[in-house]
Amino acid sequence: MTLRLVASRLSANSASKRFFLDRTLTASISPYRCYVSTETKIDDSVSLGENIKAPPMVYISGEEMTHYASQLIVEQWIKPYFDTSAWEIYDLSCKNRDATNDKVLHDAVEAGKRIGSIFKEPTITPSALQVKEMGLSKAYGSPNGAMRRGWNGITISRDTIHIEGMELGYKKPVFFERHAVGGEYGAGWAKVGKGTLLTTYLPQDGSPPFVVDKRDLTDDNNVLVVYHNPYDNVKELAHFFFKRCLDQKITPYVVTKKTVFKWQEGFWASMKEIFDEHYKQKFLDAGLLERSGGDLQHLISDAATMQLIRWTDGGFGMAAHNYDGDMLTDQIAQVHRSPGFITSNLVGKNDDGSLIKEFEASHGTVSDLWHDHLAGKETSLNPLGLVEAMIGAMQHAATLQAEKYPDDAEKQIVKAKIFNYCSTLRESMHNTFRYGQGTRDMSGPSGFSTEDFIAKVAWRLERYLRQQGEEVPPPKLHEPDRKFRRNYKVDIEALNKLYRKYDTNGDGLIDFEEFEDMMVKLNIAPRLEVQKEEKEPVH
């Protein structure tokens, strides 16, 4: 008979309690003897009904399916363990923005600046049709611009989410920093006829004004667009980006279209200056610049789109202007299965130098599932992106509170408990996917409904927190079939036709020569790395 002295696995944050197995003295009966160190450490355990006082945080509620799922998550995963009375909740639904004449948005921005940690559910920017359907007094714009301005936005970090043991797209993390301000999103514009456009700059220091651009408009129908790129905070973006890449051991790249858009040179110059002065040697010492020729490499935005498809091993990061960042991260989301597997975190800076962080899912309100829910149909929403945002906001709130009160032992304990809870929540959710109990976009038709998945994770979370471990590790799975996705719209007939086109000998197989020919003709064949930046003609 084998005797086992069973000890529960401790969380990563409880690493001071060490278990050592010794079988040298009792090999004949093979017992497992456990020794536990007695060094003191903050108790980070979390138990059901403990009612831990959660630090202040701004909670921005949205609409439709993601709002419904978020409320289930708060009720079943968070409130059984935490007192959330210090959270400030702001309803940014279209109807409430209309009822308050958008004062609620102003209040939310002010609260976010004061508190510093924000969780945001997806919201609706109403179309003309939705304005009519909802009975709104006007079409309210996206709240994101007001938030980025109010929180001195520096960057929007969008990173791939990974579940260990499951291939989703990129094998290793991919980071992206999108400049949070400037560009087309804040543009002024007007529709005009024939005439002359004069763009004049008036310096604040009182020096003489000068004409930036003058052009004659000869068409009857023209659209004028004026915008600028503020570069004061690019160096802060650079520090944030390079530190993150270095910490996670990934290779950084900077993306612009500066070969054509000459005004983008300043972005690259600032990034390169910070890199050379503060980070280059560190990246070289870590061996992280081998794939980029031993230096920070610039990528033309066109080339970056191709590399995002080719570099599926991951392990790289990119930084770009606002609009390029928006487009390129959408492409990353498609390579990495869907927007539900990408984070979206706005990073700004408060007047005292502390970081303001707003966390949200990178997808929308999932209107199609909401309409199914209203019609009484069963739905299956994957909340992974929502939960990563909630975890990020809770951890940042705990960090800010602990830094504000460094000598308050209770605040340090709360931080430790929240970090342990968040780590265990992530493990509970990931293991639910690994056990084939995920939502249908991951587990197929047999997957769980929205409500059943949330209930299953709640059950597993409570058990993990109670036992801090699981006896049998979950199985490792391959990437779930992409046919499970709701937006899977592949034309199978056209795919068969394309296959037959490149199966030149008609044997039903594509050999290497046929495969090579196909890849070259489709312009997706891997290229030899070019160390020097490619120049492209001016269009």
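**Charges and pairs in a predicted model**

Modeller: E360 sits in strand β18, which spans residues 355–361. Bear in mind that the model is predicted.

Biologist: Why does E360 count as buried?

Modeller: The relative accessibility of E360 is 11%. Buried means under 20%, so E360 counts as buried.

Biologist: What makes the link between the side chains of E360 and K120 a polar contact?

Modeller: The side chains of E360 and K120 are joined at 3.2 Å. A polar contact needs a pair of N or O atoms within 3.5 Å, and the E360–K120 pair is listed as one.

Biologist: How do you know that R114 and E88 meet in a salt bridge?

Modeller: From N to O, the distance between their side chains is 2.9 Å. The cut-off is 4 Å, between a side-chain nitrogen of Lys or Arg and a carboxyl oxygen of Asp or Glu, so R114 and E88 form a salt bridge.

Biologist: What makes this a link between distant parts of the chain?

Modeller: R114 belongs to helix α3 (residues 103–115) and E88 to strand β6 (residues 87–91), and the two are 26 residues apart.

Biologist: Which residue forms a salt bridge with R426?

Modeller: E388 does, with the closest N and O atoms 2.9 Å apart. That pair also links distant parts of the chain: R426 is in helix α12 (residues 409–434), E388 is in helix α11 (residues 384–404), and 38 residues separate them. E388 is buried at 13% relative accessibility, while R426 is partly exposed at 27%.

Biologist: What makes K411 and D408 a salt bridge?

Modeller: Their side chains come to 3.3 Å, N to O, which is within the 4 Å limit. D408 counts as partly exposed because its relative accessibility is 26%.

Biologist: How many salt bridges does the structure hold?

Modeller: There are 29. Elsewhere, K272, D276, K280 and D295 are linked in a network of them.

Biologist: Why is the surface patch with D507, D511, E513 and E516 called negative?

Modeller: Asp and Glu count as negative, and the patch is formed by D507, D511, E513 and E516. Patch residues need over 30% relative accessible area, and D507 has 45%, which makes it partly exposed. D507 lies in the loop between α15 (492–502) and α16 (512–521).

Note on methods. Residues numbered from 1 in each chain as written. Predicted model: local features only at pLDDT ≥ 70, side-chain atom pairs only at ≥ 80, totals over all residues. Heavy atoms only, no water. Patch = residues over 30% accessible without salt bridge, like charges linked within 9 Å, V, L, I, M, F, W, Y side chains within 5 Å. Areas by Shrake-Rupley, 256 points an atom, 1.4 Å probe, with all protein chains shown as cover. Charge placed at Lys NZ, Arg CZ, Asp CG, Glu CD. Helix = DSSP H or I, 4+ residues; strand = E, 2+ residues; numbered from the N terminus. Buried < 20%, exposed > 50% of the residue type's maximum accessible area, 1.4 Å probe, protein only. Polar contact = N/O pair within 3.5 Å; in protein donor to acceptor, adjacent residues only side chain to side chain.
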